[in-house]
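The model is shown first, and the entries follow.

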Amino acid sequence: SLAGKIPGARFWLQGTAQPWVLPDPKVPGRVHVVANDDPDDDITTGDPADVFIATSNDFGLNWTTPHLVSDGPGATFQVMPTASIDPWTGWIVVTYYDNRGGQVNGSGNWLLDLYSTMSVDGGATFSPGLRINDTPFDPDAGARCRWNCGSFVSDVWAAGGGEAFAVTSAGQVLHRLGGSWATLATFGLQLLSVWGSSNTDVFLSGPNGVIYHYDGVQMTQQLSNTSNGLWAMDGTSGSNVYAVGAG
């Protein structure tokens with residue numbers, strides 16, 4: 001399929017491109033591949049995405065023409081397939097997200113249902129799609145913006161007694177005291193994590209091995225001995241602190 005944006009789909013679909021490879025346990029040399037595809041390579045027309053299966057009977061040298069697994073009607077889409085094959089029977093089960101219900105959220109974007117289908121004849125035919133969930137879910141709620149998203153809170157640590165600290169992607173250190181938040185400091189780089197042993201013993205981490213310490217009065221940069229980004233922190237005391245990240 002060609003790259004593009006499916007109308008009404010704000011959520012990310014990178015996982016849709018992942019093929020599922022299923023070696024058949026009953027037939028030597030038979031291998032199935034389940035994947036997504038746009039039948040006309042134009043997500044703005046017709047059917048934006050369907051689930052297909054292709055089969056090889058000679059260890060992957062030759063393949064059958066892909067045929068439909070999903071059965072969504074009209075211009076609905078079926079995305080993010082997963083697939084498995086039973087090790088004893090060779091029966092195939094495929095699940096996928098589906099918008100055939102036609103419901104949308106407050107922003108007019110699609111709500112999704114989870115559908116399942118099964119083949120008992122080596123992928124030749126599949127049962128009608130069966131909706132698994134009772135209520136459609138909103139994928140926008142977890143569709144975090146990736147680029148040019150503005151500032152967001154990266155991490156929060158609660159000191160107790162209603163006091164808390166937070167760090168943001170814009171390099172802000174926020175402090176909550178007396179029921180309200182205020183900016184405690186601002187750095188020229190993204191901050192990723194915050195943890196403390198008390199309200200006067202707080203550690204912050206960020207890219208390039210950056211670690212800052214706040215003693216209740218001032219921020220002091222510490223030597224981390226790494227240039228890797230540090231994404232999360234935790235500890236048991238101010239003298240026993242761990243940071244994890246890239247590498």
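The side chain of Arg30 meets that of Asp24 in a salt bridge at 3.4 Å, N to O (a side-chain nitrogen of Lys or Arg within 4 Å of a carboxyl oxygen of Asp or Glu). Asp24 counts as buried, because its relative accessibility is 10%.

For provenance I recorded that this is a predicted model, in which local features need pLDDT of at least 70 and side-chain atom pairs count only at pLDDT 80 or more, while totals for chains, interfaces and linings use all residues. Residues are numbered from 1 along each chain as its sequence is written, and side-chain values use heavy atoms, with hydrogens and water left out.

I then searched the whole structure for salt bridges and found three. Asp71 and Arg100 form one of them, at 2.8 Å, N to O. This pair links distant parts of the chain, 29 residues apart: Asp71 lies in the loop between β4 (67-68) and β5, and Arg100 in the loop between β6 and β7 (strands, E, of at least two residues are DSSP runs, numbered from the N terminus). Arg100 also forms a salt bridge with Asp98, with the closest N and O atoms 2.8 Å apart. Shared partners join Asp71, Asp98 and Arg100 into one network. Within it, Asp98 is buried at 0% relative accessibility, whereas Asp71 is partly exposed at 34%.

Next I traced the open sheet of four strands, which has the order β5-β6-β7-β8 with antiparallel pairing (two strands pair if DSSP finds at least two bridges between them). Its edge strands are β5 (78-85) and β8, each pairing on one side only. Strands β6 (residues 92-98) and β7 (residues 113-119) pair over seven bridges, and Val94 has Thr117 in β7 as its bridge partner.

I also examined the largest nonpolar core, which has 18 residues (buried Ala, Val, Leu, Ile, Met, Phe, Trp, Tyr and Cys residues joined through side-chain atoms within 4.5 Å). Among the members that touch the most others are Trp157, Phe165 and Val194. A second, separate core of twelve residues includes Val34, Ala83, Ile92 and Phe126.

Last, I located Pro139 in the loop between β8 (130-131) and β9 (153-160). Pro139 counts as buried, because its relative accessibility is 13%. Leaving aside neighbours within four places in sequence, Pro139 is in contact with Phe11, Trp110, Leu111 and Leu112 (contact means heavy atoms within 4.5 Å).

Definitions and conventions. Buried means under 20% relative accessible area, exposed over 50%, partly exposed in between (1.4 Å probe, protein chains only).
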